[in-house]
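Reader: I'd like to talk through this model with you before I set anything up. Could you take me through the fold and then the interface?

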Amino acid sequence: MVNYPISVSLNSVSVKRRGKSVLGPLSLDFKVDGFNIVLGPNGAGKTTFLKVLHGVERVSYGTVKWSIPDAKARQSQAYVFQSPIMLRRSVRQNLAYPLQLVGMDKAEITTRVVEWAQKIGLQDVLDFPAPRLSGGEQQKLALGRALIRTPQVLFLDEPCANLDGRSTREIEELLKNATQAGTHIIMTTHDLGQARRLAGRILFFLNGTLHEQGNASEFFITPSTSAARAFLNGDIIE
Amino acid sequence: MNEIWAGIQEAFWLIIILDSDLIEITVRSLKVSFTALVVASALALPFGTWLAIRRFRYRRVTIAALNALMGLPPVVVGLIVYLLLSRSGPFGVLGLLFTPTAMIVAQVIIITPLIASITHQAMRELWSEYHDLLISLNTSKRQRVAALIWDGRRTLMTAALAGFGRAIGEVGAIMIVGGNIDHATRVLTTAIALETGKGDFALALGLGFVLIALTLVVNLAIHALSRTEREGTW
C-alpha cells in the first residue's frame with residue numbers, strides 16, 4: 001500500500017476549557033508525511049493538538065480542514081490513546097470491531113484478525129478478555145486495532161508512557177513497519193530518545209502554540225529557538 | 001412462630017402434590033411479570049442508554065423525572081390505568097380491564113422507570129470509558145448505543161432483574177386493574193392478600209415462600225445463563 005501525503009490546514013484554531021486557553025490561536029498548513037513527532041513540556045497542548053486534528057476535540061474557534069473531504073478523512077484515520085481503551089470483549093472481538101463497523105465480510109474479518117494478532121504477538125490470547133491483559137499487551141492491542149483498517153494517518157498519544165523497555169521496543173517496531181507500509185504517523189512523546197529514534201519531522205509545542213517545527217535531524221542538532229534548546233538540554237521551561 | 005412453621009409445611013405440601021391452583025397462579029404470575037419485563041426492557045434499555053450518551057436541553061430534568069418515577073406508588077398507577085381502561089375511559093373500548101393484559105400494562109408503567117434509571121447509571125459509566133474510542137472510530141449513534149448495550153449486558157441484566165423483582169412482587173396496581181379473579185387474573189401476590197384477608201395465614205405464607213423461591217430460581221437461572229460469576233468473564 002502506498003499512501004500519498006495528505007495535508008491539513010488549521011485556521012486560527014483555539015481550544016478553551018473553563019475560560020482558559022489550552023491551544024492556540026494556531027494557524028498552520030501541515031503536510032502529513034512519514035513519522036511526525038510532537039514534542040513539548042507538560043501542558044504544552046500536544047494531546048489537544050492531536051485530538052483537534054482527529055476531530056475528537058471540538059475547537060472553540062477557527063477551522064480544521066483536511067485536503068480530503070471530512071468524512072473520508074475521519075474514515076482514513078485512527079487514534080491510539082495514552083491509556084488504552086479496551087472494549088469489554090475478547091482480544092479477537094476488539095480487533096474485529098473496527099472492521100465490523102465498516103461492514104466487512106465475516107471471512108475477511110477472521111483472516112485479518114488472525115493476521116494482526118500474529119503481528120502484535122497476541123495470537124495465543126485471542127479469546128482472552130482484553131481488559132485483563134497487561135499494560136503492554138493492551139497498548140499493542142490498541143495499536144493493532146488502530147492499524148487493522150490500514151489508516152492513512154495514525155495519531156498516537158504517548159503510546160509508550162508507563163511501558164517497560166521490551167514493550168516499548170515492540171511497539172516502536174510495529175510503528176516502523178506501519179510507516180513502511182504507507183501509514184503516516186503523528187505521535188506525541190516525552191521521551192527524547194524515542195523521538196530521536198523515530199522522528200522524521202518534529203513539531204515543538206510550548207504554551208499551547210507551535211513554537212518550532214522542522215526536520216528531526218536538524219531540530220536535534222541545531223534547534224532554532226532558545227526554548228527548544230533548553231528543552232533538549234533537559235531544562236525546565238515554561 | 002407456629003404459623004411460620006405451618007406456612008413452610010404448607011408451601012412444601014403444595015409443591016409436593018403439585019397443587020393445580022398453585023401451578024395455575026404461579027404460571028400466570030410468571031407470564032404477566034415476564035411479559036411486562038420484556039416490554040419494559042425493550043423500552044427502558046435503549047432509552048437509558050440513549051440518555052447516557054445524548055446531550056440535549058432538558059436532559060437533567062428528564063433524568064430527575066425518571067429517578068422520581070422510580071418511586072411511583074403502584075396503587076396510584078393502578079388507579080390511573082383503571083380509569084384509562086374502564087368502560088368510560090379513553091381505552092374502555094378495548095375491553096382490557098380485569099384481564100392479564102391490564103396487569104401487564106400497569107407493571108410496565110411501574111418497572112420501566114426503574115430499569116431505565118439503573119440502565120442510565122450503568123451506561124453513563126461505560127460511556128465515559130468508551131467515549132473517546134467510539135468517537136475516534138467514527139461510529140454512528142446507533143452503533144454507539146449497540147456497543148454500550150452489548151458490552152454492558154451483564155449490568156443491564158441486573159437492571160432487568162431489579163425490574164422483574166419489582167414486577168413479580170407487585171400487588172397494589174394489579175389488584176385494582178386485574179380484580180384478583182379466580183382462574184383469570186389471580187396471581188401469587190393477590191392470592192396472598194386474599195388468603196391473609198380470609199385469615200388463612202398458613203396458605204398465605206405458603207404462597208409467600210413459593211413466591212420467594214420463584215424469585216430466587218429466576219435470579220439464579222438468569223445469572224447462570226449470563227455467566228456473570230464465571231471465571232474468565234468481566
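Author: In chain A, 70% of the contacts (heavy atoms within 4.5 Å) with a separation of 6 or more are between residues 24 or more positions apart. This is a predicted model, in which local features need pLDDT of at least 70 and side-chain atom pairs count only at pLDDT 80 or more, while totals for chains, interfaces and linings use all residues. Residues are numbered from 1 along each chain as its sequence is written, chains are lettered from A in the order in which they are written, and side-chain values use heavy atoms, with hydrogens and water left out.

Reader: ok, and how much of chain A counts as buried?

Author: Of its 238 residues, 54% count as buried, meaning under 20% relative accessible area with a 1.4 Å probe, protein chains only.

Reader: switching to the interface, how many residues does each chain give?

Author: Chain B gives 18 residues and chain A gives 21 residues. Together they bury about 2,000 Å², with 53% of that on carbon and sulfur atoms, where buried area is the accessible area (1.4 Å probe) lost by two parts on being put together, summed over both.

Reader: how many salt bridges between them?

Author: The count is three, a salt bridge being a side-chain nitrogen of Lys or Arg within 4 Å of a carboxyl oxygen of Asp or Glu. One of them joins Asp151(B) to Arg89(A), whose closest N and O atoms are 2.6 Å apart.

Reader: and what are the overall dimensions of chain A?

Author: Along its principal axes, the C-alpha trace of chain A spans about 55 × 40 × 40 Å.

Technical notes
Buried < 20%, exposed > 50% of the residue type's maximum accessible area, 1.4 Å probe, protein only.
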